[in-house]
Amino acid sequence: MATLRAVIDGDKCQQEKNCPPMENCPANAIIEDEGFRFVTNDCRGCKKCVTLCKYNAITMV
Ligand code: SF4
């Protein structure tokens, strides 16, 4: 079975400046591009960002 990956819901994400998921991702897999935040292929599926996002904008798929 493939490892789960984190996905950011753009409607829920508040583009917070000091975003805990971005700052604490062990793989530095959360990036910002053209005003949206994405999870790259570097995601290891640890779920840390899901716990840290206070807007519940990140889910594992
Ligand atoms: S699940 Fe873990 S590795 Fe993947 S984006 Fe979230 S914090 Fe980073």
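The legends below describe several views of one predicted model.

**Figure 1. The whole chain and its order of elements.** The chain of this predicted model contains two helices and four strands. Along the sequence, these elements follow the pattern β-α-β-β-α-β. Taken along the principal axes, the box filled by the C-alpha atoms is roughly 35 × 20 × 20 Å. A compact globule of 61 residues would have a radius of gyration near 10 Å, and the chain agrees with this, because its own value is 10 Å. Of the 61 residues, 18% count as buried. Among contacts with a separation of 6 or more, 61% are made by residues 24 or more positions apart.

Figure 2. Which residues come nearest to the ligand? They are Ala-6, Cys-25, Cys-43, Cys-46 and Cys-49, out of 14 residues around the ligand. Sorted by class, the shell has 10 nonpolar residues, three charged residues and one polar residue.

**Figure 3. The largest nonpolar core.** In soluble globular proteins, nonpolar side chains tend to be buried together. The largest nonpolar core of this chain has nine residues in all. Its members are Ala-6, Cys-25, Ala-29, Ile-30, Cys-43, Cys-49, Cys-53, Ala-57 and Ile-58. Ala-6, Cys-25, Cys-43 and Cys-49 from this core are also among the residues that come nearest to the ligand. Ile-30, another member of the core, is in contact with Pro-21, Met-22, Cys-25, Arg-37, Val-39 and Cys-49, when its neighbours within four places in sequence are left aside.

**Figure 4. Ile-8 and its partners from other parts of the sequence.** Ile-8 belongs to strand S1, which covers residues 6-8. Is Ile-8 buried or partly exposed? Ile-8 counts as partly exposed because it has 19 C-beta neighbours inside 10 Å, whereas a buried residue needs 20 or more. Not counting residues up to four places away in sequence, Ile-8 touches Cys-13, Arg-37, Phe-38, Val-39, Ala-57 and Ile-58.

**Figure 5. The hairpin of strands S2 and S3.** Strands S2 and S3 run antiparallel and are joined by four bridges. In one of the pairings, Asp-33 has Phe-36 in S3 as its bridge partner. Two residues lie between the strands of this hairpin. Glu-34 is placed in this loop, between strand S2 (30-33) and strand S3 (36-39). Most residues other than glycine have a negative phi. Glu-34, however, has a positive phi near 50°. Glu-34 counts as exposed because it has 5 C-beta neighbours inside 10 Å.

Figure 6. Where is Lys-47 found? Lys-47 is found in the loop between S3 and helix H2 (48-52). Although Lys-47 is not a glycine, its phi is positive, at about 75°. Lys-47 has 14 C-beta neighbours inside 10 Å and therefore counts as partly exposed.

Figure 7. Gln-14 is placed in the loop that joins S1 to helix H1 (20-24). Why does Gln-14 count as exposed? Gln-14 is exposed because 11 other C-beta atoms lie within 10 Å, and a residue with 12 or fewer is classed in this way. Gly-35 is 21 residues away from Gln-14 along the chain, and their C-alpha atoms are separated by 11 Å.

**Figure 8. Met-60 in strand S4.** Met-60 lies in strand S4, formed by residues 58-60. With 14 other C-beta atoms within 10 Å, Met-60 is therefore partly exposed. Apart from residues up to four places away in sequence, Met-60 touches Leu-4, Arg-5, Ala-6, Gly-45, Lys-47 and Val-50. The C-alpha atoms of Met-60 and Cys-49 are separated by 9.8 Å, and the two residues are 11 places apart along the chain.

Terms used
Residues are numbered from 1 along each chain as its sequence is written. This is a predicted model: local features need pLDDT of at least 70, side-chain atom pairs count only at pLDDT 80 or more; totals for chains, interfaces and linings use all residues. A residue is near a molecule or strand if its C-beta atom, placed from the backbone, lies within 6 Å of it. Ala, Val, Leu, Ile, Met, Phe, Trp, Tyr, Cys and Pro count as nonpolar, Asp, Glu, Lys and Arg as charged, and the others, Gly among them, as polar. The radius of gyration is taken over C-alpha atoms; the globule rule is 2.2 Å times the number of residues to the power 0.38. Two residues are in contact if their C-beta atoms, placed from the backbone, lie within 7 Å. Two strands pair if DSSP finds at least two bridges between them. A nonpolar core is a set of buried Ala, Val, Leu, Ile, Met, Phe, Trp, Tyr and Cys residues joined through C-beta atoms within 7 Å.
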